[in-house]
Amino acid sequence: MNLSPRSYAIILASAFTFLGCDGSGSAPASGKATIAVATNFEPAMADLSAAFTAETGYELDIVAGSTGKLYFQIARGAAIDAFLAADVDRPDRLIEDGLAAPESQFTYAIGRLVLWDPSGDDVGPDRLNAPNRGWLAIANPDLAPYGRAAYETLATLGGDTSAERDIVKGESVGQTLAFAATGGARLAFVAQSQIETLPEPLRGSYWRVPAEMHAPIRQDAVLVTRGADNLAALAFMDFLASDVARDIIEELGYDTEDACQTSARCG
């Protein structure tokens, strides 16, 4: 039976949790790290966390939210050891402010934007300027990079965003998906990874936005100063750059081909 890397990781995590060992017969490593994760990456992080714990014995506490809000929380002293943002800017700012380790920063994923119709109707760029389009959900571009990419896509397609006709903003890309899923909007710009992790009956239909229609959604990770001496956080940053992690990330709808080029962590 052939198993995907994601399925293999989940099976390993379940087996090792049941056995209470790290696969070598010894007790698992003790320790825990708190990882702040952009909302779009939360489903992938669940799989990564399981695989990481199975491999190392370390445990992770996950805090998810919009990249902008997580940045402000870290800047104000939140107990975060590492930050997986949905952009480059916020990790850069943490480094400039002396709140993160410069050598730790690297691109762990390239996000893919999709236009989603939960009803399953045919969806494509023509739907955006249709007179009966209905409400369109977009993440707040000031807080969420996927929202910024959505507005760039509308501009590329020649849509009028100045009046924000029939646009409802979510605080994060997770809230944006919820607007459409609950009927608050007919269409939503969300991350492909969010749709890939929905149960099949709820996936609806989506149009994968061509990458050239918006700036790359380069998602960077960085070790927060608080986590510099946390063995679990250090181990997770190394794991995130591993081939195992990249296989999981790709399976959930991200690109990694151009990621991980700026750090010695990546093999």
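Modeller: The largest pocket is lined by Ala86, Asp87, Val88, Asp89, Pro145, Arg148, Ala149, Glu152, Ala215, Pro216, Ile217 and Arg218. The model is predicted: local features need pLDDT of at least 70, side-chain atom pairs count only at pLDDT 80 or more, and totals for chains, interfaces and linings use all residues. Residues are numbered from 1 along each chain as its sequence is written, and side-chain values use heavy atoms, without hydrogens and water.

Colleague: What makes a residue part of the lining of a pocket?

Modeller: A lining residue has an atom within 4 Å of a point of the pocket, which is an open set on a 1 Å grid over the protein atoms alone, with protein on both sides within 12 Å along at least five of seven lines. The volume of the largest pocket is about 150 Å³, volume being the space filled by probe spheres set on the points.

Colleague: Which element gives the most to the lining of the largest pocket?

Modeller: α5, with four residues. Helices (H or I, at least four residues) and strands (E, at least two) are DSSP runs; α5 (145-156) and β10 (217-223) each supply at least two lining residues.

Colleague: Why is the other space called a cavity?

Modeller: Because a 1.4 Å probe fits at its points but cannot get out. The structure holds one cavity of 30 Å³ or more, and about 50 Å³ of space lies in the largest cavity. Its lining includes Ala86 and Pro145, residues also found in the lining of the largest pocket.
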